[in-house]
Amino acid sequence: MTDSLQTVPDHTSVGVPRAGTLDAQWMPFTANRAFKLAPRMLVAAKDMHYTDADGRQVLDGTAGLWCVNAGHCRKPITEAIAEQAAVLDYAPGFQMGHPLSFALAERLADMLPDGLDRIFFVNSGSEAVDTALKMALAYHRARGEPSRVSFIGRERGYHGVGFGGISVGGIQNNRQAFAAQLLPHIGHLPHTHDLEHNAYTHGQPAWGAHLADGLQRMVAENGADTIAAVIIEPVAGSTGVLIPPAGYLERLRAICDEHGILLIFDEVITGFGRLGAPFAADRFGVTPDVMTVAKGLTNGAVPMGAVFARRGIYDAVLGATERGIEFFHGYTYSGHPLACAAALATLDLYREEALFDRAAELAPYWEDAVHSLRGLPHIIDLRAIGLVAGIELEGRDVIGARGFDVFLDCFEQGVLTRVAADTVALSPPLIIDREQVDRLFDALTRAIRRVA
Ligand code: PXG
């Protein structure tokens with residue numbers, strides 16, 4: 001018998017079983033104790049809405065965790081998963097194959113920016129990042145440059161929670177607890193967020209491209225022949241929606257090219273239409289050598305990630321091994337049949353409903369809605385691109401406290417948001433309509449006015 005037993009919501013009203021006590025699950029990235037005293041439970045979802053345990057409809061302003069780009073429980077996807085589960089539930093992916101993963105790889109290769117057409121399947125963004133980093137090492141070794149072992153990330157970067165990801169990542173809380181065991185040979189570029197120069201920018205900030213030159217300095221200090229790859233999010237998501245300054249990505253690309261350094265775009269958030277184009281690489285016209293994705297690949301319905309590599313990387317790694325396994329890496333669930341079925345159905349849906357174009361068409365309305373918040377109390381910056389928004393509030397006594405209060409107030413009003421410290425991050429499903437955009441921002445306005 002535990003205290004939290006008293007607080008378990010009654011799910012019976014929406015026809016799902018009671019959860020019992022909440023004690024046994026150690027929740028991810030959650031204040032476990034506080035949550036279990038006052039749980040927020042979601043029990044069903046359809047299109048733009050969740051249903052919570054009290055039967056309330058909650059407008060999804062975050063596409064789950066940036067992943068449900070086509071909206072929730074879309075029939076073509078749920079049916080594809082159910083059908084696949086009944087036909088081929090699992091097939092080993094090592095030294096064996098099944099047709100769906102090859103079909104999915106072909107399909108993705110067709111929609112990717114030119115040059116990226118070799119695809120490795122994983123199960124999450126974190127795994128995609130670790131895989132990409134290993135690919136970079138394998139590539140340079142295969143080319144006879146095994147001294148290239150350093151990775152360059154960026155301050156305020158988020159690349160998941162594997163040891164590779166937190167090492168190249170630039171979020172202090174995620175690194176500090178594990179600081180003694182991070183990967184060696186890591187550098188970080190400065191982030192590009194500077195309120196003095198960039199606050200309230202519409203679109204890409206004009207200031208900040210020069211910050212890419214930090215890479216040039218690292219090359220000068222350490223030698224290009226030590227650096228394997230640079231990894232960045234084209235638009236940083238988790239640390240509060242940081243939009244790349246005009247010319248910044250181009251400059252990084254040029255410096256990488258000059259010095260034989262691989263450029264990895266972590267598109268776990270920006271992939272699959274979030275910016276009103278298939279990928280950020282398309283949106284900004286800069287193609288990386290390696291791209292990591294997850295989330296929107298299956299509309300969040302089955303865990304899946306992928307790494308897209310230039311053909312030359314694949315060819316080099318395969319060519320360096322005379323016989324047998326060329327890349328000592330892979331997961332039990334790489335290319336899982338259910339995930340492949342979900343991904344193929346998701347890509348069909350994106351295409352049939354032209355959801356990436358829809359996001360692009362709605363983006364100006366969205367941006368106006370974001371900037372309409374200007375002048376409300378506590379707001380110090382507003383940022384928008386595609387169907388993403390960052391609403392930065394001035395911090396209070398404890399970092400993140402004001403942001404979290406806004407999140408709670410919005411949830412009370414039946415609107416789901418996310419906060420990164422004191423920045424509210426919004427990323428709704430791409431099927432959102434104007435009326436729902438208005439509802440989202442009305443709720444946010446009320447919440448921001450109310451919080452201390
Ligand atoms: N790279 C990027 C750019 C991400 O945003 C990951 C890697 C890791 O993906 P997995 O699938 O291992 O979680 C992510 C994940 C948030 C939030 O609220 C963001 C993520 C996950 C959960 C919450 O900002 N991004």
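1. How many bridges join β4 to β10, and do these strands run parallel or antiparallel? Six bridges join them, and the two strands run antiparallel. Keep in mind that this is a predicted model. In general, strands of a sheet pair through backbone hydrogen bonds, either parallel or antiparallel.

2. Now place that pair in its sheet. The sheet is open and has seven strands. Their order is β4-β10-β9-β8-β7-β5-β6, and the pairing is mixed. At the edges are β4 (116–122) and β6, each of which pairs on one side only. From one strand to the next, the twist averages 20°.

3. Look at the other neighbour of β10. Strand β9 (residues 290–293) is joined to strand β10 (residues 305–310) by four bridges. This pair also runs antiparallel. Met291 has Phe308 in β10 as its bridge partner. Helix α12 (residues 311–319) packs on the sheet and touches β4, β9 and β10. The direction of α12 makes about 85° with that of β10.

4. Phe120 stands opposite Val307 in β10. Thr292 also stands opposite Val307.

5. Is β10 mostly covered or mostly open? It is mostly covered, with six of its six residues buried. Gly305, Val307 and Ala309 point one way from the strand. Ala306, Phe308 and Arg310 point the other way. Residues on both sides are buried, Arg310 among them.

6. Next, the domains. The protein is divided into domain 1 (32–70 + 354–450) and domain 2 (78–352). Note that domain 1 is written as two stretches. The C-alpha centres of the two domains lie 26 Å apart.

7. Where does the ligand lie? Domain 1 and domain 2 both give residues to the shell around it, so the ligand lies between them. The ligand is surrounded by 19 residues. The closest are Ser124, Gly125, Ser126, Gly160 and Ser238.

8. Which elements build this shell? At least two residues each come from α2 (63–66), α5 (125–142) and β14 (418–420). Helix α5 gives the largest share, three residues. The shell divides into nine nonpolar, seven polar and three charged residues.

9. Two backbone angles deserve a look. Most residues other than glycine have a negative phi. Cys73 has a positive value, near 50°, and is not a glycine. Cys73 sits in the loop between α2 and α3 (75–87). Is Cys73 buried or partly exposed? Cys73 is partly exposed, because 13 other C-beta atoms lie within 10 Å.

10. His185 is the other case to check. Its phi is positive, about 60°, although His185 is not a glycine. His185 is found in the loop between α7 (172–176) and β6 (186–189). With 14 other C-beta atoms within 10 Å, His185 is partly exposed.

Terms used: Residues numbered from 1 in each chain as written. Predicted model: local features only at pLDDT ≥ 70, side-chain atom pairs only at ≥ 80, totals over all residues. Near = placed C-beta within 6 Å. Nonpolar A, V, L, I, M, F, W, Y, C, P; charged D, E, K, R; others polar. Domains from an automatic or database assignment. Buried ≥ 20, exposed ≤ 12 C-beta atoms within 10 Å, placed from the backbone. Pairing = 2+ DSSP bridges. Axes fitted to C-alpha atoms, helices over the stretch in contact; angles between N-to-C directions. Contact = placed C-beta atoms within 7 Å.
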